[in-house]
Amino acid sequence: MRKESFFKLSRMTLLFIVLTSTIIPFITLPQPIYSGLPIKVAPIFQNNTIIEKTAQPSGIPAAINSTEPTSDTLQPIVISTKTILLVVYLAGVFISLLLLVFRISSVLMLFRKSRKTVLNGIRIMIVNDDIPAFSFKRHILISQQDYETNSEAILTHELSHINQGHFYDLFLMEMVKIIYWFNPLVYRIDSDMKEIHEFQADEHTLNSGIDATKYQLLIIQKCVGHKQFALANSFNHCQIKNRITMINKSKTNKAWCWKVATFLPLLALLLMAFGKRGEIVPEKIMLPEKILAQTLNFQKQDSTSHNMFTDKVTGKTAFVLADVMPRYPGGDHELLNFISRNIQYPEKALAEKIEGKVIIRFIVTKEGKTDNVTVIKGIHTLLDAESVRIANMLTGWKPGMNNGKAVDVWYVIPVKFELPGKPN
């Protein structure tokens, strides 16, 4: 579209490219639907009775109260590649931001020493220095010489920038350049955007009645040797050849607007290549009809016994350290939902048709974390490992309490793996 005179359409297309390129990585694409049966959770709760006693038993595993041994050996400091890249990126962002602040400060300093007047609600800033005329938001800065000799053409040109909102395009591009300073295409798009701004302003100026020949000579005269300012649309900006070519170019037939449709296949390709994707669960892992998590039944003990319970499944005893048991955020229902969402039936165990119930035990620490996860009744190495992995993911517990103080408490969870086709 570079050679076409659809300036407004070209401008919108560039803005669309910038915005979609920024948004695409955050768009979640719909995932393929697999034919496997969904995983279900069927919680079964029964009454639990625990004999309580405030005295802490002496049989508590030493691992609860032990501390990790310290080592005097100095460990080498390892800096990952990811950390180095992050530091380099942030340094580039900081430098780009500093450069932008410096350029804006230069514009504001020129405004401070200028003589001000108002034209149609636009503030005209006149300076004695020989600098290129430019617009900055709703301000136009122009040299005294240009104001006296070429004010009509230059001010009409700069008013066009203001009325068409070109400042906001430049502001957007400056933000994009700060964030994506490492991408050379960003600077190319910024240059193209400024070029289109000039084409639009030139078109508006000539339509207002300015003599085309004199205007082209003015462009040639002014497009040499002047610096540019940040967030400013300068009369002198853009290559002379391109501007003169567009001024003399006949209007493109509107039928050629369809060219913009060529971006649609590219947009689809970019979405597939860089769109955000959720985790795709392989079909085989989705085959289990249910993964049943249920609470253990505890057998009531004699009131004279120590503060402990007996697991009916394993027949083993463990100490209870609290008069208030730990609670998972959201309660037992949310605990079961978490297990259902995150557990994965090991593919090898599924292929070998291994099923059963794994009983795991762990400590809910007084900080609300899961620690010392062990398997007290296993089925298969793969299923045991998956159950331990899930238990280690459980965090954010409301700890157990004993006499008003948070304490470490044993917690037992059984997880039942069943192959498809089993009745609920």
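## A buried tyrosine and its ring partner

Tyrosine 328 has a relative accessibility of 8% and therefore counts as buried, in what is a predicted model. Phenylalanine 338, with a relative accessibility of 13%, counts as buried as well.

Across the whole structure, a search finds 14 aromatic pairs. In one of them, the ring centres of tyrosine 328 and phenylalanine 338 lie 6.2 Å apart with their planes at 50°, so this pair is tilted. The two residues, 10 apart in the chain, belong to distant parts of it, since tyrosine 328 sits in the loop between β9 (317-319) and α11 (331-342), while phenylalanine 338 sits in helix α11.

## A stacked pair and the cluster

Phenylalanine 362 and tyrosine 411 form an aromatic pair that is stacked, at 5.8 Å from centre to centre and with 25° between the planes. Here strand β10 (residues 356-364) holds phenylalanine 362 and strand β14 (residues 409-418) holds tyrosine 411, so that the pair links parts of the chain 49 residues apart, and both residues are buried. One aromatic cluster is formed by Tyr328, Phe338, Phe362, Trp397 and Tyr411.

Threonine 13 belongs to helix α1 (residues 7-23) and, at 8% relative accessibility, counts as buried. Apart from neighbours within four places in sequence, threonine 13 is in contact with Met1, Val260 and Phe263.

Helix α1 also packs against helix α6 (residues 166-179), at an angle of about 30° and with the axes 12 Å apart, which means that α1 is roughly parallel to α6. Their crossing is left-handed. From α1 the contact involves Arg11, Leu15, Val18 and Leu19, and from α6 His166, Asp169, Leu172, Met173 and Val176; by class, these are 6 nonpolar, 1 polar and 2 charged residues.

Note on methods. Residues are numbered from 1 along each chain as its sequence is written. This is a predicted model: local features need pLDDT of at least 70, side-chain atom pairs count only at pLDDT 80 or more; totals for chains, interfaces and linings use all residues. Side-chain values use heavy atoms; hydrogens and water are left out. Helices (H or I, at least four residues) and strands (E, at least two) are DSSP runs, numbered from the N terminus. Buried means under 20% relative accessible area, exposed over 50%, partly exposed in between (1.4 Å probe, protein chains only). Contact means heavy atoms within 4.5 Å. Axes are lines fitted to C-alpha atoms, for helices over the stretch in contact, and angles run from 0 to 180 degrees between N-to-C directions. Angles under 35 degrees count as roughly parallel, over 145 as roughly antiparallel, 65 to 115 as roughly perpendicular and the rest as oblique. A crossing is left-handed if the near helix is turned anticlockwise from the far one by less than a right angle, and right-handed if clockwise. Ala, Val, Leu, Ile, Met, Phe, Trp, Tyr, Cys and Pro count as nonpolar, Asp, Glu, Lys and Arg as charged, and the others, Gly among them, as polar. Rings of Phe, Tyr and Trp (its six-membered ring) pair if their centres lie within 6.5 Å; planes under 30 degrees apart count as stacked, over 60 as edge-to-face and the rest as tilted.
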